[in-house]
Amino acid sequence: MSGKAKTLICDSCRAQCCRYVATQIDPPVRKRDYDHIRWYLLHKNVFVFIDHDEEWYLEFETSCSALQKSNLCGNYDDRPKICIKHGEGRSMCEFISEQEPHVVRFSTAVDFEAYLDKMGMNWRFKKNGKKRKQEVED
Ligand code: SF4
Ligand code: SF4
């Protein structure tokens, strides 16, 4: 990860790993889960991806506030452990890994809906016309 003692490789990647946050989420299995993911993806700079271990992640494209214009870490001596460990193994660094970090990455709700349709998933909630009409009239 970029820092005072960054390597030549870190130098050429412009600190990719300091420009997003990704957190693991449960794989979606119910309509409510699909709906939540559609909601995430309706937001700007939010992505959902599946990695090579079939784990699902929610990703926010946002730069770390400690990242300097030089692509160096402004908090190098006290950076979080996750930063220290990142890139220790080749597969952990998205820049030098030989494989794409994602098997699938969704950037919009429409992408995700198309994926669900392709997988034959029944993700749409039934429209309750009667109830809606009643609610509007009330
Ligand atoms: S993504 Fe990899 S090469 Fe780039 S700064 Fe992070 S650890 Fe270094
Ligand atoms: S603390 Fe430093 S190494 Fe960690 S993400 Fe921020 S800029 Fe990168």
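Author: Start with the words helix and strand. Both are DSSP runs: a helix is H or I over at least four residues, a strand is E over at least two, and numbering starts from the N terminus. The model is predicted, so local features need pLDDT of at least 70 and side-chain atom pairs count only at pLDDT 80 or more, while totals for chains, interfaces and linings use all residues. Residues are numbered from 1 along each chain as its sequence is written, and chains are lettered from A and ligands numbered from 1 in the order in which they are written.

Reader: How many helices and strands does the protein have?

Author: The protein has 5 helices and 4 strands. Along the sequence the pattern reads α-β-α-β-β-α-β-α-α.

Reader: What makes β1 and β3 a pair?

Author: Strands pair if DSSP finds at least two bridges between them. β1 (residues 20–25) and β3 (residues 56–61) share 6 bridges, so they pass. Their sense is antiparallel. Tyrosine 20 stands opposite glutamate 61, and valine 21 has phenylalanine 60 as its bridge partner.

Reader: How many bridges join β2 to β3?

Author: There are 5 bridges between β2 (residues 46–50) and β3. That is at least two, so this is a pair as well. β2 and β3 also run antiparallel. Phenylalanine 47 faces glutamate 59 of β3.

Reader: What order do the strands take in the sheet?

Author: The order is β1-β3-β2-β4, in an open sheet with antiparallel pairing. From one strand to the next, the twist averages 25°.

Reader: Why are β1 and β4 called edge strands?

Author: β1 and β4 (104–106) each pair on one side only.

Reader: Which loop holds glutamate 54?

Author: Glutamate 54 sits in the loop between β2 and β3. Those strands form a hairpin with 5 residues between them. Glutamate 54 is not a glycine, yet its phi is positive, about 60°. Most residues other than glycine have a negative phi.

Reader: Is glutamate 54 buried or exposed?

Author: Count C-beta atoms, placed from the backbone, within 10 Å of the residue's own: 20 or more others mean buried, 12 or fewer exposed, and anything in between partly exposed. Glutamate 54 has 8, so it is exposed.

Reader: How do you know that arginine 14 counts as exposed?

Author: Arginine 14 has 12 such neighbours, and the limit is 12 or fewer, so it counts as exposed. Arginine 14 lies in the loop between α1 (8–13) and β1. Its phi is positive too, about 60°, although arginine 14 is not a glycine.

Reader: Which residues is tryptophan 123 in contact with, leaving aside its neighbours within four places in sequence?

Author: Contact means that two C-beta atoms, placed from the backbone, lie within 7 Å. Tryptophan 123 meets this with Lys31, Tyr34 and Leu116. Aspartate 33 is 90 residues from tryptophan 123 in sequence, but their C-alpha atoms are 9.0 Å apart in space.

Reader: Which strands does α2 lie across?

Author: α2 lies across β2, β3 and β4, at about 135° to β2.

Reader: Which residues come nearest to ligand 1?

Author: A residue is near a molecule or strand if its C-beta atom, placed from the backbone, lies within 6 Å of it. Ligand 1 has 14 residues around it, and Cys10, Cys13, Cys17, Gly87 and Cys93 come nearest. Its shell has 9 nonpolar, 4 polar and 1 charged residues. Around ligand 2 there are 11 residues, with Cys18, Cys64, Leu67, Cys73 and Cys83 nearest. That shell divides into 8 nonpolar, 2 polar and 1 charged.

Methods: Nonpolar A, V, L, I, M, F, W, Y, C, P; charged D, E, K, R; others polar. Axes fitted to C-alpha atoms, helices over the stretch in contact; angles between N-to-C directions.
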